Amino acid sequence: ATKAMNTALAAAEAELAYNEVVGKITIILADNGTYTVSAPIVAPSDLYISLPIGSEGVATIDASGNEGDFITLNGSTTFAKKADGADSDHYLIDMVGIAGVKITGLKGALITDAQKTLVNGVAIANSVIEMPAAGKNVLNFSGKGYVGKVKVLNSTIYTKDKNTGFFAQYGS
């Protein structure tokens, strides 16, 4: 991942080790900057990847060096107690936002979860995302969690060749 991404995620990991709960992670990319990602971005909480406020350009992320999914959600806050009082086996992430970004070279899903994660919302705005031709899903929560609401605004999600994957897939 880029220095900016590494710095933001390292700070989140340090906060997690100290508090056991991580707040919002915000990764601000340079207007018209170019980045490469060689491993999944693993987020234990809300994640926002965007340009600075007021920017009108786009940041380009080349993910072709990453063999896995682009964002892997690994929540740290449990959802709520079960009816019998036992801890839930689902984790809560309120929001994942991507804005002003062009992502190329994806080999896996745009967003997946590492464990049972309930995501209240995903927002993709002013972005262009190139999905792989293989049967990969944009949001891949098969067998694990769920996304409550997805908004795609002024964005394009496409594949150069036929992709037999789904926009969103859930386990049940």
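In what sense do strand 4 and strand 7 pair, and over how many bridges? The close-ups below, taken from a predicted model, begin with that pair.

**View 1. Strand 4 and its pairing with strand 7.** Here strand 7, made of residues 91-99, lies in parallel pairing with strand 4, and three bridges join them. To find your way, look for Ile49: Ile98 in strand 7 is the residue opposite.

**View 2. Strand 4 and its pairing with strand 1.** Strand 4 covers residues 47-50 and also pairs with strand 1, residues 25-28, in the parallel sense over four bridges. Ile49 turns up again in this view, now opposite Ile27.

View 3. Follow the strands in the order 3-6-9-12-15, and you will see that the pairing is parallel. Strand 3 (41-43) and strand 15 (168-170) are the edge strands; each has a single partner strand, so one side of each has no neighbour in the sheet. On average, neighbouring strands here are turned by 15° against each other, ignoring direction.

View 4. Three bridges link strand 3 with strand 6, residues 71-73, in the parallel sense.

**View 5. Inside the largest nonpolar core.** This core has 33 residues, and those touching the most other members are Phe70, Ile71 and Leu110. Setting aside residues up to four places away in sequence, Leu110 touches Phe70, Ile71, Ile98, Ile103, Ile124, Ile129, Met131, Asn137 and Val138.

Note on methods. Residues numbered from 1 in each chain as written. Predicted model: local features only at pLDDT ≥ 70, side-chain atom pairs only at ≥ 80, totals over all residues. Heavy atoms only, no water. Pairing = 2+ DSSP bridges. Helix = DSSP H or I, 4+ residues; strand = E, 2+ residues; numbered from the N terminus. Core = buried A, V, L, I, M, F, W, Y, C linked by side-chain atoms within 4.5 Å. Buried < 20%, exposed > 50% of the residue type's maximum accessible area, 1.4 Å probe, protein only. Contact = heavy atoms within 4.5 Å. Axes fitted to C-alpha atoms, helices over the stretch in contact; angles between N-to-C directions.
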